[in-house]
Amino acid sequence: MLIAAVLGWRTDVTWTASLPIYLAVAPLSTHLDALSSIFIGLLAVITISISTFSPGYLQHHNQETNWNCYWIELFLFIIGMMGVILAANALSFMIFWETMALSSAFLIVTDLSSYESRKAAFIYLGATRIATALLMTGFLWMHSLCNSWNFAQWHFVAGSTTVPALLILIAFCIKGGIWPFHVWLPYAHPAAPSPVSALMSGVMIKVALYALIRVLVMGGLCSVNLSCLMLALGVISAFWGVLGALMQHDLKTLLAYHSIENVGLILIAISLALISNLLHLPVVAGMCLAAAIFHCVNHGLFKSLLFLGAGTVDTRAHSRDLELLGGLAKSMPWTFLFFVIGSAAICALPPLNGFNSKWLVYQGLVQIAFNSHSLWIAGVAVVCVGLLALVSGMAMYCFTKAIGIAFLGRPRSQRAQHATEGDRGMLTAQALLAICCIFLGVCAPAALAVIQPVCSTAFTNAANLSLVYTIPMGVFALIIALLTIVIYWSWLSDRNGSVKHYITWECGFGSLTKRMQATATGFAENVAYTFAPLWQYHTESNIAGRDRRHFPDDISVEIHASMLLESRVYGPAVQLVRWLGEHVVLLQTGSVHLYLTYFLLTLVALMVIGVLI
Amino acid sequence: MTLILKYALFILCLALLPFLTIGWLRKIKALLQGRIGAPIVQPFFEFIKLLRKSQKVSETTTWIFRTAAALNAATMLLAAFLVPWLSFKPNFGGDDLFFLLYLLALPRFMTILSGLDAGSPFGAFGSSREAYLAMLVEPAMFISLVALSLLSRTTSLSAIFDLSHRCSLYELPVWLAGALALFLASIVDLSRMPIDDPSTHLELTMVHEAMTIENSGKNLALVEWSYFLKIVVLYGLTAQCLLHSLTYACHFSQLIAGVLSIALLFALAAVTAIVESVSVKLRWRAAPDFIAYALTASLFAMAGALIGGIYVTHNL
Amino acid sequence: MSLTIYEVVSLLSAVIAVLMLGSKSLPLQVSLFSVQIWLITGETVFFAYQYNHWEFYGVALILFLQRAVFVPLFLERILREIHVSRDPGMILPAPLTMHLSILFFGLSFFVAQNFPAPGPGGIVVATATASISHLFSGIVMMLTRRLALSQIIGFLTIENGVYLFALTQTNGLPVLIEMAVLFDILGAVMIGGVLVFGIKRSFEHIDVSQLKDLKH
Amino acid sequence: MYAIKDARLAGTFVVLGAWIQLLSLICVTFPLFTFGAKTIFVCADFFLTPFDAAFVVLTSAVAACAFTHGHIFFEGELVGSDPPTSANVRVNYACAMFFVLAMYGVYFCKNLGYLWVCVESTTLLSAPLVYFSRTRHALEATWKYLIICSVGISFALLGTLFIFASAQHGAVSGGTLRVTELIEAASKLDPKLLRFGFIFCFLGYGTKCGMFPLHSWLPDAHSEAPAPSSALLSGSLLNCALFAIFQIGQIVSASGNRLSSEFTLWSGTVTVIAASLFLIRQHALKRLFAYSSIENVGVMLVAIGLNSGWLFFLQALNHSIAKVSLFLLSGNIVQATGSKSLSDQSGLMASAPVWAVLLALSVFAGTGAPPFGTFLSEWLILMRAADLHYYVNVVLLIIGVSLSFIAVCMHVGKVIFGTRNPHLQCFRPLASSAIPALLVVCSLFLGLALGPLMWPLMWGSSSDPRGNNVTWRLDGENWQ
């Protein structure tokens, strides 16, 4: 696959299946070019890492499961994603798209016995089917407009293509987990086994965005409303995702919500590319597209790194609940190191890869602000900068929480106390991804050089990225590293016994118990309080005892948070359908007389129609 | 010749100003409170003293705690070399504003983690609050700096803060509002009053101090030093904004500009001292309201920059 | 207006069909049914005589044997076997069903008016009305009676209507088809009877309105 | 068959007979598909066009599969608890044979009268199949099936008579029921009578094929019949009734009356929606699949309404393949768990992985998920509808199809997943999953290699049609 990626970057390759294989009205054909090769490369790297990770993970997994099925489904899943990336026409796309969806749905239920995973799979299946239905509609529509199934011949320039474009956009948003279609994501990703969630979160939702770029952006979509809609959705999901992540205390759910945030970022970048193209700023457009693609790759890397880390924790500490973890840094140092690298990358801290793509997004925004002559566009761009800053601040909050509560401090439970380091395969996989993160962080120009041709094909005279990106990241990284080492060795390191070990300071109150540490809930309470209305967040504290002011006997705090979107929108919709179903079956009472009555009524109706027509 | 002089001068300032500024700040506070107070160079002595002391480290901690101080110091040093916080700071390039803002986020990340590392409740309080404040204050920082960058259509700080072009009428409000926003934001970021009272030692209320409660000896020295550096960098940047708004009135030679920028730095420190002695610490829940002022100021700056820009383009 | 023999006979049998709805006891229904058959057969014979369709004598014969001889005997036998003489009540009271079917009589008249002018065979509104109303009363019978047997009778009534239509509205189907149809219906009745036995055996009654286990 | 006293032996004979039949039919109809031969002519009333031949081959293929699997199935029944009498099994075989013959008849007849006779006799001959297990439920199902279908069918006869009458009025002296003659003289048929004829036939044959308000007998019959018989009912009988509707629709639309196509189109759409709603709340596996058959019938009705026979055939083909495999598998599962209800059948993946995988694949094949054949045929139908500007129907269809997919997946998912089922003992798990496996492979093949297979039939040329701007050859339907 890597070879294919490299190959594709050099030259465009088109392959059409030979005659016996033919999808009735369109051939099964694939097309490999610079864009697809980048994603193939990402897929390849992550596939390699998870396949080294899986064996170690599977050993500690539930016994009910059938591993041959697991591997087969995984294979199908990867094939499906590859196919979607390579598909050259709508029908091939649909084939692989559905293969991807169904196989991943099965992968979610790898643990056959658990009810949650089944529920998650059903929710996911429903969501993805709705996406497919929208896609079908959009594709058929486009076909009747363009009279071709080839993506290459689809042009979204005419006004008549707005609605199909919207349908396709929504479909990809559902698959990509954009707000408000993200509901399936926080269920599906945690329920799946960690390698799978790494693959889903790392690649699958990127594949949806890839399809967005492939079909809409490459199709030259130029509808102002759609672009603005994308921007709005992107901003909301970036914010909502990180907020949700802050509210979560299950490690994998937290990561899942963060995927929503990053997908939102990517969508923002894509929409900026479209908008700046509409503003006749091809340079900026190219930059934003590059940002989108680059962030896809980066997020793929560090998110799967984090998921693998979470998986290691899950298998070795037998819990994903932050409140039960703690002090793992001691028992699993390497996992800890990789997790810190991943978190730093996702918080976009230099000199890691997350920063570079985010920097490109910021640059795109300010460039639009600089060059647009409309006050409003510029204003919106700058405000977006502020929002992104807020989001990245929240991201840091969230990941310091994750690391601090899970890995630092002292174990909060027996499980955490007896945790052990993951085996070699697991660590190798994470190491590989971590190295990729650092490499892409330090050697951004190389990555940008790979992305360059895509932007050039998408927008004529797009930016020359090597000129845009001017930060000598490598040098700075080197300086910081050297300075740190120097300072550390000159003062902090424990040479002449200048370091005395001692217990944590406790005001001389008496030794600290592990329950005196901060909880994840408490750590994130500030944000929860600030954005309480959005999550219906409220606490019920109950302090009882004779002298409850000074010597309370027992203190209990209950926290309630619910998602309006689920409770007010999707829930009722599902209920409605179910209600319909339950009342339709009442027609079928089993009485033959009633059935004959139906017959009679139909007969009369038809006769009347026959007479009247 | 002048180049070498410039470098020497800058290194000198970098070495001295952090200690002097904080010393000066404390001195003013003492005077306002009717005490004589320690000499201005006192912080420097304390720094040396701490460097000589050995450090106590909790067994709970990991390498994060051990290396955080060093990494912070290194990063702050790099930042101090890149951010144009003095008019005569030689230009080393690579001073993109987003890069620098995220570079400043790196030590924050490490500090928060080191606060959590010992597993002590106080450190956790501090870290949580620090993260919260940072989250709230970053939009203000970003927007104000972007607003300034709108004036010179570039994101390179040294270009933005280039004194060679004088500030026109429509740029004046932008610079002022920007200065205000930056100042307020820095107050929060440096966790000074009225957000946090660095001189109190009630763990439950502290932010920065609580976070670094476990540090001692050499470790503490480095933490303190990087904190001092942060003060001068942020206040220096604010001072530069003020300096620019002054250029509306008259044009400065390099010398005066340099002197002014240091003077303004001290002035800001003095203002901080006054604020800290006349105001009381805000309730924690009220902190966002305070930060809202910073955000509003930055938005003003943005609006000014945009409208002014339109105005200019139409007049051209 | 003067009524042709066809009209008189068809209307008569239609009326009988309506009357069948009114009758409560099965044997009465069966005998009414056979009267119907007599009428229809007679009509067929007349038709054959009038147009010299010799083969229709054969049709008439088979029809007669089948419905006027075999079916009644068959039904009688079933009745004897399973000792059900009275209908265990019906979904709607008998008079009401009669009125209902009269209503449908009207509807069928309304429909019949839409049929085009008579062809050589002499389509007349009355005959069309009669045959269609047969259908309706058949269905009404099927869906108001609880007994399995009454449903069979209703079905046969429908078939009578269809046959009547074939006879009067078209001047004669191809005889082969006619025969095939007749035999098919015979088969239907046979199987129906077998099933009635089955129902009796496993439910101790032939009240089909209680067969309600399979639902949803 | 009944003469052979040993049920097992009889079964063997039936199986052999079925396969021989299939092979011979393929050999006979071979020229139609390849050398462009127009018809296999028996007499004016009986002949085969390639279109009919395709259906005949499909029917006999379904029969062969059903019988082959049935052989194993009935063995399982005979060894299982409360086994049926050997007599029942043999009666079943005998009726099944004649039933299949009657279905061939439906496709052979080019005379509406004989068509009617054949359809009616399919009802009569399949009633014993439903009655197989002699239980109360079976009896109830059979009674409903017989009564409702017979009534419906008698109306179809009336409709046929109307058409005959309409032919008598000016078109053909003395009237005719031959489809070809009717189509030739279509323009001269008396419109009013023709309209009523169509309405009655539609009603009658609609009852037989399980159109929405008249479908009520279908779930009972399909769920109560033994698995192979329900496979036959669902996989081939429905096609017969639909074929009849198609024939009459041809005549009506030849007379330039759009009524028929509109009727069929809309009833199809309504059926799809209704069936998908019915699917949401189900408790028994076979009833579930029965409703999904209804949904597919709706899709086929739409294809007929679009006047394109070959789409109808494609859908029928794919549906038959998937549904046969589904019913056979459900038969296995019901046999193994000894219960019809979904709640007792969970944990299949853990207990019988082969069946579970096959079940999942067949469900995807049956509910129109790519890369299986049904997806493509549905896609083509939607495409055609969109080209003819029936946008509302397209949208409704997509909604219905997706809804039914979700519903079926939910229910089947409950069966497949879950912890190991203690009281589930499989009877010859591998042998009993051979035929379903074969069918799934066929469906996959159709999904991926449909084009070349269909060009000779659809476009009369074995070259790449280049999308959809091509004239289709047969039955006067073509892409405008």
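What share of the 480 residues in chain D do buried residues make up? In this predicted model, local features need pLDDT of at least 70 and side-chain atom pairs count only at pLDDT 80 or more, whereas totals for chains, interfaces and linings use all residues. Residues are numbered from 1 along each chain as its sequence is written, and chains are lettered from A, with ligands numbered from 1, in the order in which they are written.

Buried residues account for 68% of the 480 residues in chain D, a residue being buried if 20 or more other C-beta atoms, placed from the backbone, lie within 10 Å of its own. Chain D contains 17 helices and two strands, taken as DSSP runs (H or I, at least four residues, for helices; E, at least two, for strands). The radius of gyration of chain D, at 21 Å, is close to the 23 Å that the globule rule gives for 480 residues, so chain D is as compact as a globular protein of that length; the radius is taken over C-alpha atoms, and the rule is 2.2 Å times the number of residues to the power 0.38. The C-alpha trace of chain D spans about 70 × 50 × 40 Å along its principal axes.

Between chains, two residues are in contact if their C-beta atoms, placed from the backbone, lie within 7 Å. Four pairs of chains are in contact, and of these chains A and B share the most contacts. Chain B does not touch chain C, their nearest C-alpha atoms being 57 Å apart, and no contact joins chain B and chain D, whose closest C-alpha atoms lie 41 Å apart.

Note on methods. Buried ≥ 20, exposed ≤ 12 C-beta atoms within 10 Å, placed from the backbone.
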